[in-house]
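Hi,

Here is the model I promised to pass on. Have a look at it first, and then read my notes below.

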There are 2 protein chains.
Amino acid sequence: MTSRIKFEDTVSYRLAKVTTAFRNSIERHMSRIGLHGGQIFALLELWKQDGLRQIDLANRLSLAAPTVNKMLKGLIEINLITLARQEDDARSTRIYLTPLAYKMREEVEEQWLELEQDSL
Amino acid sequence: MTSRIKFEDTVSYRLAKVTTAFRNSIERHMSRIGLHGGQIFALLELWKQDGLRQIDLANRLSLAAPTVNKMLKGLIEINLITLARQEDDARSTRIYLTPLAYKMREEVEEQWLELEQDSL
DNA sequence: TTTTAATCATTAGCCCGCTAATCAATAATA
DNA sequence: TATTATTGATTAGCGGGCTAATGATTAAAA
């Protein structure tokens, strides 16, 4: 007879449950202002520093390059960022927030605080 | 001047970081035995009780029906489950583990324990 | 200088979540 | 009984994560 783990009693199991629930919570809150969960984090970084390259953003968010690339397309779609190729290095593109993105900061902060309440 | 949140200092922000890191960790561990992160949880439930309907599994995992449906296709693909239509109710299908799925339990438990170590 | 290596962005394709919409079958009601 | 509502599975489509593979550009090395 092999040892049987009670998965439900493990930290990992509970953590896994929490993660999905929390991701849903972010999505629910941010959808109220027309955003998706992941997009917030890109905006946070760009509010701190505009004009990042994709690779910089990927590093700061600890995400893979294609993940960021796809996310940026979504942000361009809803008019929150623009991409501009660099003249000094034709490989990279720089990411710039639109005026709309700066305006949205307050709304995001509101939802973030509500999320914070729910999370506790 | 509007109040500016330091997102990095919020619980939600840190929790969000943890969620992605943890999901990656599950994926990394389970990929060693040819599984994906989400598939584990379906197996856990079916080890507890075989022959569930899709809707039952969805409820127990707190997942949407299409999510489960898609996941099951992946599990069929790697020969871990089979689906069988019910004769008493032609709407539902019952999910049955294959012998291979029962054999894999030990491997999964091993990886789960390693994951547990990493999570702490 | 020419070749090679490293860097950045991108595409393709997969898993894991979701919602909305559809279809078939069953249950409930008029 | 005939109609209507509910249920279960499925499809389509999207966001958000990943790896692998390409292509273009730049940097480094021979």
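**What I found**

Chain A can be laid on chain B with an RMSD of 0.1 Å by a turn of 180 degrees and a shift of 0.1 Å along the axis (superposed by least squares on the C-alpha atoms of residues with pLDDT of at least 70 in both). The two copies are thus related as by a two-fold rotation axis. In chain A, the residue that comes closest to that axis is A:Thr19, with its C-alpha at 2.5 Å. Both copies use the same surface: 100% of the contact residues of chain A recur in chain B (contact means C-beta atoms, placed from the backbone, within 7 Å).

Before going on, some housekeeping. This is a predicted model, where local features need pLDDT of at least 70, side-chain atom pairs count only at pLDDT 80 or more, and totals for chains, interfaces and linings use all residues. Residues are numbered from 1 along each chain as its sequence is written, with chains lettered from A and ligands numbered from 1 in the order in which they are written.

**Chain A**

Chain A has six helices and two strands, in the order α-α-α-α-β-β-α-α from the N terminus (DSSP runs numbered from the N terminus: helices are H or I, at least four residues; strands are E, at least two). Its radius of gyration is 18 Å, whereas a compact globule of 120 residues would come out near 14 Å (taken over C-alpha atoms; the globule rule is 2.2 Å times the number of residues to the power 0.38). The C-alpha trace of chain A spans about 65 × 35 × 20 Å along its principal axes.

**The DNA**

Around DNA strand D there are 24 residues, and the closest are A:His36, A:Gly38, B:Gln54, B:Pro66 and B:Ser92 (near means a C-beta atom, placed from the backbone, within 6 Å). Two or more residues each come from α2 (37-48) and α4 (65-77) of chain A, and from α1 (11-31), α3 (54-61) and α4 (65-77) of chain B. The largest share, four residues, is from α4(A).

For DNA strand C, the nearest of 24 residues are A:Gln54, A:Pro66, A:Ser92, B:His36 and B:Gly38. Here α4(B) gives the most, with four residues. The surface near DNA strand C divides into eight nonpolar, twelve polar and four charged residues (nonpolar: Ala, Val, Leu, Ile, Met, Phe, Trp, Tyr, Cys and Pro; charged: Asp, Glu, Lys and Arg; polar: the others, Gly among them).

Cheers

Definitions and conventions. Contact = placed C-beta atoms within 7 Å.
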